[in-house]
Amino acid sequence: MNDIHDHYCSICGEQRAEGEGIRIISGFICISCEMEMVKTDVKDAKYPFFIHQLKGIFMEKNA
Ligand SMILES: [Zn+2]
């Protein structure tokens, strides 16, 4: 199991400490990625990338 003090961001893969991001259903999103997502417009080229990454997270839960 994962160390409770460290999380690997499901978007960028960076290791982050507790409090440096948000925990979601079966993953973790670091604060920088969270901010990126918030300011990413649906029309932005990066948006599909975020959606793709998030799909992976949520599909794990249903596996
Ligand atoms: Zn990240």
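1. Confidence here means pLDDT, the predictor's confidence in each residue on a scale from 0 to 100. The model is predicted, and the mean pLDDT of the chain is 82. Of its residues, 83% reach 70 or more. Strand E2 (residues 15-17) has the highest confidence, at 92, while helix H2 (residues 47-62) has the lowest, at a mean of 76. What is said below about H2 should be read with that mean of 76 in mind.

2. Overall layout. The chain has two helices and four strands, in the order β-β-β-β-α-α along the sequence. It holds 63 residues, of which 14% count as buried. Taking contacts between residues at least 6 apart in sequence, 25% join residues at least 24 apart.

3. The E3-E4 hairpin. Strand E3 (residues 21-24) and E4 run antiparallel and are joined by four bridges. Two residues lie between these strands in the hairpin.

4. Faces of E4. In a regular strand, side chains alternate between the two faces of the sheet. Strand E4 covers residues 27-30. Gly27 and Ile29 point one way from it, Phe28 and Cys30 the other way. Which of these are buried or exposed? All four residues are buried.

5. The nonpolar core. Which residues make up the largest nonpolar core? It has six residues in all: Cys9, Ile11, Phe28, Ile29, Cys30 and Cys33. E4 supplies the largest share of this core, with three residues.

6. Ile11. Leaving aside residues up to four places away in sequence, Ile11 touches Ile29, Cys33, Phe50 and Gln53. Ile11 and His52 are 41 residues apart along the chain, and their C-alpha atoms are separated by 9.4 Å.

7. His52. This residue lies in helix H2. Why is His52 exposed? It has 10 other C-beta atoms within 10 Å, and a residue with 12 or fewer counts as exposed.

8. Met35. Helix H1 (residues 31-39) contains Met35. Met35 counts as exposed because it has 11 C-beta neighbours inside 10 Å. From C-alpha to C-alpha, Met35 and Gly21 are 9.8 Å apart in space, and they are 14 residues apart in sequence.

9. Tyr47. This residue is found in helix H2. With 13 other C-beta atoms within 10 Å, Tyr47 is therefore partly exposed. Not counting residues up to four places away in sequence, Tyr47 touches Thr40, Asp41 and Val42. Tyr47 is also 9.6 Å from Glu36, C-alpha to C-alpha, at a sequence separation of 11 residues.

Technical notes: Residues are numbered from 1 along each chain as its sequence is written. This is a predicted model: local features need pLDDT of at least 70, side-chain atom pairs count only at pLDDT 80 or more; totals for chains, interfaces and linings use all residues. A residue is buried if 20 or more other C-beta atoms lie within 10 Å of its own, exposed if 12 or fewer, and partly exposed in between; C-beta atoms are placed from the backbone. Two strands pair if DSSP finds at least two bridges between them. Two residues are in contact if their C-beta atoms, placed from the backbone, lie within 7 Å. A nonpolar core is a set of buried Ala, Val, Leu, Ile, Met, Phe, Trp, Tyr and Cys residues joined through C-beta atoms within 7 Å.
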